[in-house]
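Colleague: Please take one residue in this model and look at it closely. Then set it against the whole chain.

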Amino acid sequence: MTAWLSLEDALAPVTHGTRMAIGGMTLYRRPVGAAMALARAGIRDLDVLTLTAGIETDLLIGAGCVRVLRSCYTGLEIAGLAPHYTRAARAGTLQVVEETEYTLSLAVQAGAMRVPFLPMLDTLGATGIHRSRPDLKRFACPLTGDSLVAVPALRADVALIHAAAADEDGNCWLPGQLALDPQLPFIATTTIVTAERRVGTAELLSMQGGTRLPAYLVDRIALLPGGSWPTSCHPQRALDLAAVLDYVDAADAPEGLQHWLDAAWARLDSHTPEPSHAG
């Protein structure tokens with residue numbers, strides 16, 4: 001059973017220098033509200049890993065919270081480039097670790113399995129990724145002699161995931177595109193979930209797909225309606241593309257990010273009920 005906390009208390013394990021794995025996919029079910037709270041708290045030197053980085057990661061970069069980013073894609077899909085990431089990467093103020101979906105997925109799987117690496121076929125040579133990733137080691141398969149690549153395991157201090165719903169015990173519903181979310185708790189010391197709504201266990205089990213993140217994998221949970229806004233959270237909410245475009249426009253002004261964050265936080269705060277600490 002996982003106790004329900006306030007957002008501030010739930011995020012307490014995220015401190016300066018934390019390696020944080022962020023859940024969600026592109027502009028779907030991203031923990032944007034939690035990212036805004038970390039930006040407001042002035043957290044610094046985060047080492048972020050995420051399959052695809054979106055607005056939640058970009059705003060953390062813009063707020064000066066991120067030192068290292070490890071992802072196979074960073075952007076806002078139909079809304080274009082991630083503005084703060086693009087500027088920081090070009091300026092060299094952000095350390096970017098190049099990944100592919102293949103390498104990052106294997107690295108997370110290896111971390112979950114508690115093995116030092118997992119092998120993959122040596123098909124990445126043509127991409128030139130070895131030039132920026134000397135930690136990807138080629139070796140000969142002991143069975144076939146074929147050239148393989150050892151992908152080092154990844155671990156994280158914290159996994160941060162937004163759930164569409166969760167029950168009183170902390171069992172979570174993650175509908176639709178799961179990305180790496182089911183694997184992230186296995187590589188993290190602490191798993192933090194923000195939940196769109198709290199439901200009874202019977203209702204959770206009746207939902208399509210049922211429990212995708214059981215309570216025993218969740219260490220801290222906070223009720224945060226609208227916590228993925230402006231990204232979508234099916235079936236409660238569609239992508240708010242206008243708000244994403246507003247974010248992109250705001251990034252062009254010197255104080256634009258802060259103004260956008262203040263307005264977004266006020267919107268989130270107006271929808272967030274007081275936490276219940278019962279059981």
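Modeller: The side chain of Ser71 comes within 3.3 Å of the backbone nitrogen of Ala53. The backbone oxygen of Thr50 is reached by that side chain too, at 3.0 Å. A polar contact here is a pair of N or O atoms within 3.5 Å; within protein, one must be able to donate a hydrogen and the other to accept it, and residues adjacent in sequence count only if both atoms are side-chain atoms.

This is a predicted model: local features need pLDDT of at least 70, side-chain atom pairs need 80 or more, and totals for chains, interfaces and linings use all residues. Numbering starts from 1 along each chain as its sequence is written, and side-chain values use heavy atoms, without hydrogens or water.

Ser71 belongs to strand S4, residues 66-71. Strands are DSSP runs of E, at least two residues; helices are runs of H or I, at least four; both are numbered from the N terminus. Ser71 counts as buried because its relative accessibility is 8%. Buried means under 20% relative accessible area, with a 1.4 Å probe and protein chains only. Beyond neighbours within four places in sequence, Ser71 is in contact (heavy atoms within 4.5 Å) with Thr50, Leu51, Thr52, Ala53, Val97, Glu99 and Leu104.

Now the whole protein. It has nine helices and 14 strands. Of its 279 residues, 55% count as buried. Among contacts with a separation of 6 or more, 74% join residues 24 or more positions apart. The C-alpha atoms fill a box of roughly 60 × 45 × 30 Å along the principal axes.

Definitions and conventions:
Buried < 20%, exposed > 50% of the residue type's maximum accessible area, 1.4 Å probe, protein only.
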